[in-house]
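Here is a short report on aromatic rings and nonpolar cores. Look over the structure first, then read on.

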Amino acid sequence: MILSVRSLALTCALGALGAALTGCGGRAAPPVARQGHQAPATSAAPSRPPTLAPGPAGLTPVFKNGPRTPDKTVALTFDADMTADQGPRAAAGEHFDNPELIATLRAFKVPATVFMTGRWADEYPREARDIGQDPQFEIANHSYSHYAFTDDCYGLPTVSEDRMRADVERAYAAFEQAGVRDAMPYFRFPGGCYDQRSLRTLSSVGVTAVQWDVVSGDAFATDADAVARQVLDGVRPGSVVVMHCTRSAAPVTERALHTIVPELRKKGFRFVKVSQLIGASAGRH
């Protein structure tokens with residue numbers, strides 16, 4: 001949620017005014033085995049996604065980037081944001097999906113992690129299912145409502161403490177209803193906002209909270225080259241890049257990929273999913 005070369009705070013404020021960011025879509029592919037969200041573990045087990053061990057006092061662990069090793073891996077992540085109250089805008093014709101972006105990732109053979117809201121999956125069940133059934137991608141949880149999990153998150157509406165877990169679980173239920181059988185045990189806080197209370201409240205859900213260390217600046221951006229430069233300047237080995245796959249609120253992201261992907265490959269980077277970075281991090285402890 002960051003304007004090109006502007007701050008995260010400004011973008012989230014714009015999102016609070018009704019321009020919350022949104023998601024993506026694509027064609028179907030052969031299904032993969034269900035993995036589901038599991039209790040935290042220190043390393044991956046067969047058919048179980050890797051997660052991090054709980055933090056101090058059992059708090060939900062927070063992951064920001066993978067190991068800074070000579071193996072130059074990078075994870076592109078795309079937030080599929082749609083808030084609980086944006087149904088009328090979708091009904092009026094606003095597009096909260098971006099099939100062209102997903103098609104470009106497929107054409108470039110770039111694996112990616114999509115952090116999807118449950119409300120988006122309700123609105124676009126076919127697209128959610130298609131992405132979830134494609135082994136090139138993985139779907140993770142971005143809450144159901146896209147409301148904030150702290151009291152002060154750039155003006156976003158908030159989820160009360162007693163509803164936080166239910167909001168996350170409702171998103172997983174929406175994925176199931178859409179036909180996604182392999183949603184990952186990863187959660188991205190709306191607005192990137194979290195505190196000790198929210199980490200403690202979500203600890204029983206068994207997710208790893210996934211943040212980022214590179215902001216793309218694609219939200220509401222109009223200059224694809226500026227987005228590409230911001231990503232290329234920020235990426236380091238093990239980086240997690242936050243982007244958005246939208247038509248209405250991040251219209252230049254797909255074009256920026258045409259620069260980002262070949263340039264990072266030219267620099268020796270290899271694209272991976274978040275699960276691979278978390279697995280590498282968990283294996284080092």
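Is Tyr194 buried, partly exposed or exposed? At 28% relative accessibility, Tyr194 counts as partly exposed. Buried means under 20% relative accessible area, exposed over 50%, and partly exposed in between (1.4 Å probe, protein chains only).

## About the model

This is a predicted model: local features need pLDDT of at least 70, side-chain atom pairs count only at pLDDT 80 or more, and totals for chains, interfaces and linings use all residues. Residues are numbered from 1 along each chain as its sequence is written, and side-chain values use heavy atoms, leaving out hydrogens and water.

## Aromatic pairs

The whole structure holds six aromatic pairs. Rings of Phe, Tyr and Trp (its six-membered ring) pair if their centres lie within 6.5 Å; planes under 30 degrees apart count as stacked, over 60 as edge-to-face and the rest as tilted. Phe187 and Phe189 have ring centres 4.9 Å apart and planes at 80°, so this pair is edge-to-face. Phe189 also pairs with Tyr194, and that pair is stacked: 5.4 Å between centres, 25° between planes.

Phe189 has 0% relative accessibility, so Phe189 counts as buried. Phe187 is buried too. Together with Phe149, the residues Phe187, Phe189 and Tyr194 form one aromatic cluster.

## Nonpolar cores

A nonpolar core is a set of buried Ala, Val, Leu, Ile, Met, Phe, Trp, Tyr and Cys residues joined through side-chain atoms within 4.5 Å. The largest one has 60 residues. Phe78, Leu105, Met116 and Phe175 have the most contacts inside it.

A second, separate core has 16 residues, including Leu52 and Met184.
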